Amino acid sequence: MTDSSLPSAPASSGFRHLLPDAAARKKQRSRRALKDKLSAFGISLAGLGVVGALALIFVYLFSEVAPLLRPASIDAQIGYSLPEPEAETVHLTLDRYQEIGMQVTRDGRVIFFDADNGGFRSAFQVPIPEESTVTSFGQGEKRDGLLAFGLDNGTIVVAKVEYELTYPEGTRVTVPKLTYPLGEEPVVVDDDGQALLHVAIQESSRGTVAVAKTADRRLLVNSYRTQRNIFSGEVRVTASRAEMPAYPGDVNGILVDGSQRNVFIADPTGFLTYYDISDMTAPRMVQRVRVVPEGAGVTAMTFLAGTVSLIVGGSDGSLSQWFLVRDEQNQNALSRVRNFVGHQQAVTALDSEYTRKGFLSGAEDGTLGIHFATSSRTLLKERVLQSPIAAIAISPINGRMLVLDQMGGVHPHRVENSHPQVSFRSLWQRVWYEGRGEPEFVWQASSATDEFEPKMSLVPLTVGTLKAAFFAMLIAMPVAVMGAIYSAYFMTPRMRGVVKPSIEIMEALPTVILGFLAGLWLAPFIEDNLPVVFTMLFGLPLGMLLVGYIWYRLPQQYKNYIPQGWEAATLIPVILLIGWICVESSPYIQLWFFDGSMRQWFTDQGITYDQRNALVVGIAMGFAVIPTIFSIAEDAVFNVPKHLTQGSLALGATAWQTVMGVVLPTASPGIFSAVMIGFGRAVGETMIVVMATGNSPVVNFNIFEGMRTLSANVAVELPETAVGSTHFRVLFLAALVLLVMTFIVNTIAEIVRQRLRARYSNL
């Protein structure tokens with residue numbers, strides 16, 4: 001009987017009713033295709049949402065930073081004449097509300113007028129004796145409002161401008177007035193009664209100092225102290241006088257600084273001379289230096305806010321900044337700090353801002369310049385008059401200015417100059433700040449005094465960010481990657497089931513707790529037991545190698561007592577023992593080799609050691625980063641296809657040869673991703689850095705010094721800064737720099753990962 005003669009049964013006749021028919025299968029395929037499309041759409045939408053969220057973060061940060069990029073601008077308003085245009089104006093100012101202008105005339109009249117239209121408000125006559133005439137005028141720091149009128153009989157009258165505020169019916173009314181700190185009677189400067197051709201004055205808590213040049217070419221310095229009778233109001237003035245060394249030329253300007261220790265004298269030949277009057281009994285000439293090019297003279301000179309820096313204008317239109325710098329012999333010397341974009345013709349007027357390191361310059365051709373010292377910028381240069389500028393007055397809040405021409409005409413302007421402190425140079429290059437011996441990278445954004453020069457270099461913060469991340473990765477990367485390789489490839493599944501979740505749960509620890517422990521326990525512990533760092537650095541690897549060698553030499557019968565994959569457990573007591581030995585031996589090592597204190601030995605060798613330093617941050621942050629790197633890298637190694645490793649072993653390769661030749665290349669994209677994600681976590685870490693380091697913005701990679709990172713700086717300073725201020729916006733710029741930095745690093749990492757994947761995809 002052939003096979004064809006056998007009775008045939010219907011195939012799967014018992015299950016035919018369970019199979020869908022063609023129509024049902026088509027419907028299922030349609031439903032599945034719809035689900036695939038919806039899933040693809042949802043995934044794409046989620047991806048676009050992530051990209052959009054990042055883009056919105058970038059846009060928001062940039063919107064807060066953008067005002068830093070706006071240039072300075074001025075807007076001319078309707079001009080008018082001074083209340084007394086024919087009188088010689090020696091001084092012009094604006095009040096803080098930008099409503100009242102002040103004109104000081106050569107004959108001692110102080111006139112207040114409406115800054116909008118020049119309307120007269122009030123006037124005061126300084127009490128100058130009828131038989132005397134004013135021969136010179138000087139002013140103190142602008143914020144003090146101090147005015148000095150030198151007379152032809154060797155005396156001066158000192159007045160002070162003050163503004164009283166009243167609020168009748170809820171409306172602010174500003175009432176200007178004059179007071180006389182040294183009394184209304186003239187005080188003697190020159191006992192010989194010679195006319196005072198030049199006078200400078202400065203007031204401080206120690207009294208008032210006046211410096212004058214007399215008609216017979218003598219330089220005199222006077223220090224006045226006052227006592228006011230609380231019942232009669234009578235002022236008693238006591239004075240001490242000294243004659244300064246003779247000046248070797250003509251004088252066209254004298255300034256005394258706020259410390260009342262230094263006097264600066266300019267002359268028409270282009271020299272600036274520095275006198276030290278800190279010892280009033282023996283003033284001395286210290287230095288005479290040319291401050292404008294050969295053939296030019298000094299035509300204008302003023303202090304910046306704080307009276308530390310001098311701005312010098314020349315007949316050639318040049319503008320430069322000078323201040324005292326200590327030389328190698330610890331002596332002060334005038335140094336040219338920076339030059340500014342000058343004018344085509346002679347500088348005729350200078351005016352400094354009240355609380356910032358900015359100033360305005362006017363030239364003979366009517367050109368106005370707005371400059372800022374710290375950022376080394378000329379923010380605006382524009383011709384505002386067709387004739388020479390006689391004087392400039394900027395308001396205390398820098399929102400309005402008055403420009404005076406030689407005919408007594410006032411030209412008011414609105415000023416927009418909100419953030420002159422910021423430039424590429426001030427953020428990313430060395431800047432020569434006041435009081436420092438050379439250009440430096442410094443972050444010090446605030447101080448207790450108004451004349452403080454903000455120092456907002458982002459270099460220390462960027463270096464600190466990279467420094468913290470570098471030391472954290474130096475500790476975390478080897479431990480995490482090697483631990484991941486061992487756990488995924490060599491460890492028994494049962495032990496791996498305990499180790500992997502235990503390490504991953506470490507990631508749930510709040511970083512504020514890690515920072516707290518690092519700052520309050522780990523930092524003092526390392527400081528007291530500094531040799532532990534070095535003994536464990538070498539002791540642990542050597543101890544583990546020794547245990548490994550002993551294990552290798554053991555007879556097989558003893559090795560069999562430890563199940564395969566549990567060998568790592570034998571290292572636990574070894575690590576604990578070596579750690580205990582290192583800690584216990586630390587005091588003896590310090591005593592034997594470092595005279596009892598390794599920290600002091602570092603100091604003696606010129607190595608700075610801070611208790612909270614990069615080492616502490618590296619350990620604490622490394623502990624926080626290890627779970628991230630370990631988890632991703634372990635998954636990458638564990639997911640290497642088994643047929644690759646089994647094939648390698650079948651061809652005779654050892655387990656380590658398989659790891660090095662097959663497992664690592666195949667898992668390298670995942671391991672690299674793990675490392676870069678860990679690096680991103682370290683770069684953005686905030687609380688550990690805030691609590692475990694001194695938050696000192698230094699520029700070095702000394703592991704024993706602290707640092708300040710971009711993220712920590714934003715966290716510490718943003719709650720304390722004024723919204724919309726330059727400091728506020730620079731902090732947003734720091735956040736933007738951090739975002740761009742991580743974006744660039746992640747982009748490079750993704751490119752490298754894709755190349756690694758393409759290279760090893762054929763395994």
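Q: Two strands pair if DSSP finds at least two bridges between them. With that settled, which residue of β27 stands opposite Leu-368?
A: Glu-382 stands opposite Leu-368. Bear in mind that this is a predicted model.

Q: How many bridges join β26 and β27, and in which sense do they pair?
A: Six bridges, in the antiparallel sense. Strand β26 covers residues 367-372, and β27 covers residues 377-383.

Q: What sits between those two strands?
A: Four residues, and the two strands form a hairpin. Ser-376, in the turn, has a positive phi of about 55°.

Q: And β25, how does that pair with β26?
A: β25, residues 358-363, pairs with β26 in the antiparallel sense over five bridges. Ser-361 has Gly-369 of β26 as its bridge partner.

Q: How many residues are between the strands in the hairpin of β25 and β26?
A: Three. Gly-366 in that hairpin takes a positive phi near 85°.

Q: How many residues of β26 are buried?
A: Six of its six residues are buried.

Q: Which ones point which way?
A: Thr-367, Gly-369 and His-371 point one way, while Leu-368, Ile-370 and Phe-372 point the other way. All of these are buried.

Q: Changing topic. Where is His-413?
A: In strand β30, which runs over residues 409-416.

Q: Is it buried or exposed?
A: His-413 has a relative accessible area of 5%. The cut-off for buried is under 20%, so His-413 is buried.

Q: What does the His-413 side chain reach?
A: The backbone oxygen of His-411, at 2.9 Å.

Q: Salt bridges next. How many in the whole structure?
A: A search finds 30. One of them is between the side chains of Glu-203 and Lys-160, at 3.1 Å from N to O. Glu-203 lies in strand β12 and Lys-160 in strand β9, so this pair ties together parts 43 residues apart in sequence.

Q: Which partner does Arg-218 have?
A: Asp-216, with the closest N and O atoms 2.9 Å apart. Arg-218 counts as buried at 15% relative accessibility, whereas Asp-216 counts as partly exposed at 35%.

Q: And Arg-436, what does that side chain meet?
A: Glu-440, in a salt bridge of 3.1 Å, N to O. Arg-436 is partly exposed at 25% relative accessibility, and Glu-440 is partly exposed at 26%.

Q: Which residues are linked in a network?
A: Arg-496, Lys-500, Glu-504, Glu-634 and Asp-635 are linked by salt bridges.

Q: Last topic, the nonpolar patch on the surface. Which residues form it?
A: Phe-58, Val-59, Phe-62, Leu-69, Val-740, Phe-743, Ile-744 and Ile-748. Together they have about 760 Å² of accessible area.

Q: Which helices supply at least two residues each?
A: α1 (22-65) and α15 (726-760). The largest share, four residues, comes from α15.

Q: What about Val-59, where is it, and how does its accessibility count?
A: Val-59 is in helix α1. At 49% relative accessibility, Val-59 counts as partly exposed, since exposed means over 50%.

Conventions
Residues are numbered from 1 along each chain as its sequence is written. This is a predicted model: local features need pLDDT of at least 70, side-chain atom pairs count only at pLDDT 80 or more; totals for chains, interfaces and linings use all residues. Side-chain values use heavy atoms; hydrogens and water are left out. Buried means under 20% relative accessible area, exposed over 50%, partly exposed in between (1.4 Å probe, protein chains only). A polar contact is a pair of N or O atoms within 3.5 Å; within protein, one must be able to donate a hydrogen and the other to accept it, and residues adjacent in sequence count only if both atoms are side-chain atoms. Patches are made of residues with over 30% relative accessible area and no salt bridge: like charges are joined within 9 Å, nonpolar side chains (Val, Leu, Ile, Met, Phe, Trp, Tyr) within 5 Å. Accessible areas come from the Shrake-Rupley method with a 1.4 Å probe; for residues, only the protein chains shown count as cover. A salt bridge is a side-chain nitrogen of Lys or Arg within 4 Å of a carboxyl oxygen of Asp or Glu.
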